[in-house]
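Okay, thanks everyone, I'll keep this short. Have a look at the structure first, and then I'll walk you through a few spots.

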Amino acid sequence: MSQPIIPVTRPYLPSREKLDQYIDGIYERNWLTNNGPLVQELTQRLEDYLGVENLLLVTNGTLALQIAYKVLGITEPVKQAPAEAITTPFTFIATASSLKWEGVQPVFADIDPDTWCLDPANIEAAISPNTRAILPVHVFGNACEVETIDAIAQKHKLKVIYDASHAFGVKYKGESLLKHGDAATLSFHATKLFHTVEGGAIIFKRKEDLERAKKMINFGITGPETIECLGINAKLNELQAAMGLSVLDEMEANLKARSEVWHRYEQSLSQVLQLQVKPEKLDYNYAYFPVVFESEEKAVQVAAMLKENGVLARRYFYPSLESVESLGAEADQPISKDIASRILCLPIFDQLSQADQQKIINFITAELEA
Ligand code: T4K
C-alpha cells in the first residue's frame, strides 16, 4: 500500500474566503497588472511588516537579483573585460547563474564551516581589478557577517547585494537584516515562508535606485509616449499580490506552527547532528531545518531510507556551485564542497503534524544508531 508523501516543504495556502475577497476586488476593478492597487497595497504592507523602505515587488527572486545588478551598474564591463562579482558557492543555482546570465563572472569565495555563509576572510583574496560587487547569501535565513562585509565593500569601493531569498522577516540586532547592502533581494516562490506563488522583491538602500528600478521593470516606460531607459518586464500582477496579501494576513499562525516544528527538531537532533550556527542577536524565521551528517555516505543513506518511507528530505544545496560547468569557475571551494556533500534539509512547513515529524526523527535517530 502506498503511503502519503511528506515533502521537504508544502506551500502555505491561506483561507479561501480571504483570497476570494481580494479576487472579488480584482473582478470589480477589472485591473490585473501594471502596478495595480493590490500591488501597491502589498508593497506598503510589506514595508511596514519588514520595517524597511524602498521595496519594489518583482516577478521572481531571480529577476530581483538581475534588476538589482542593472540598477547598481555592476553588469558594465571593466575595460572591455566582463565584470566580476564575489559570491558563495553554497547556495541555490539562481544566485550565481543570474550573474553569468547578465554577463558578470561569478568568482567564488569559500564559506564559514559553522554558519555556511560567505566567510569575509576569503573575500579580499578574491578581489581583482574587475570586481564590481560582493553578492553574499543569508543562506537558510542565517545572517552573513554584515558589518565586516559592508566594511570590505567600502574599503574597495564595491557594491553589496545580499541575496536574502531565505531571510524574509529575519531580524539582526533588533532590525531587519534586509537593511544591509546597497540592495537585498527576496524570493516569494511558492516554497518560501512568505509567497506570492511566484514573485520577489528588492529592498534598495537609496530611493534614487528604487526610482530607476521602477522604470526598468516596466520596459523603461514612464508615460504613454515616453520611454526613458532600457528596461524589461519584471512586474508582479494583481493575482499574485492577492495571494501575497492573504498569506501576509496569516503570517503569525504560519510562523508559530513552523517555530514549533523547528524547535522539536532542534531538541531531538542537536546532540547527534551538526546544525547551522547563528549569531546570538538573530531573530530567526524558521524557514529551513538543515542538518549535516558525519559523511556523504551517511547523508545519502539517510535520504534514501527516508524516501523509502515516503519522506522527501532534500540535498539543499548540492552540488557546491564551483562544480557547475556553465558557471565557468576556476578554483575548488573545499569547505562548501564538504558541507554540500553531507547536508540534508528536513521537511518543515506549517501543516507538518507532530506524529509525522516524530516519525522522521525516529527514522533518522535509528539510522544513526545502526
Ligand atoms: N536565490 C536563492 C538563495 C534561492 O534559494 C532562490 C530560490 C532564488 C535565488 C531564486 O528565487 P526564485 O526565482 O525561485 O523566486 C525551490 C524553489 O523553486 C526555489 O524558488 C528556491 N530558491 C529553492 C531553494 O527551492 P526546487 O527545485 O527545490 O523546487 P521543487 O519544485 O523541487 O519544490 C520543492 C518541494 O516543494 C517539492 O518536494 C514539493 C514541494 N512543492 C513545490 C511546489 C512548487 C509543493 O508541494 N507544491 C508546489 O507548488 O527549488
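So, one term before we start: when I say buried, I mean under 20% relative accessible area. And keep in mind that this is a predicted model.

Let's begin with helix 3, residues 61-71. This one is mostly covered, with nine of its eleven residues buried. The buried set is Gly-61, Leu-63, Ala-64, Leu-65, Gln-66, Ile-67, Ala-68, Tyr-69 and Val-71. At the start of the helix, Asn-60 puts a side-chain oxygen within 3.0 Å of the backbone nitrogen of Thr-62. Just past the other end, Gly-73 has a positive phi of about 75°.

Helix 3, helix 4 (93-101) and strand 14 (343-346) each give two or more residues to the lining. Helix 3 gives the most, with three.

Last stop: Glu-47, over in helix 2, residues 37-50. What is the nearest side chain of opposite charge to this buried Glu? That would be Lys-207, but it's 7.6 Å away. A salt bridge has to be within 4 Å, so Glu-47 has none. What the Glu-47 side chain does reach is the backbone nitrogen of Leu-55, at 2.9 Å. If you skip neighbours within four places in sequence, the contacts of Glu-47 are Val-52, Glu-53, Asn-54 and Leu-55.

That's it from me, over to you.

Terms used. Residues numbered from 1 in each chain as written. Predicted model: local features only at pLDDT ≥ 70, side-chain atom pairs only at ≥ 80, totals over all residues. Heavy atoms only, no water. Buried < 20%, exposed > 50% of the residue type's maximum accessible area, 1.4 Å probe, protein only. Helix = DSSP H or I, 4+ residues; strand = E, 2+ residues; numbered from the N terminus. Polar contact = N/O pair within 3.5 Å; in protein donor to acceptor, adjacent residues only side chain to side chain. Lys, Arg positive; Asp, Glu negative; His and termini not counted. Contact = heavy atoms within 4.5 Å.
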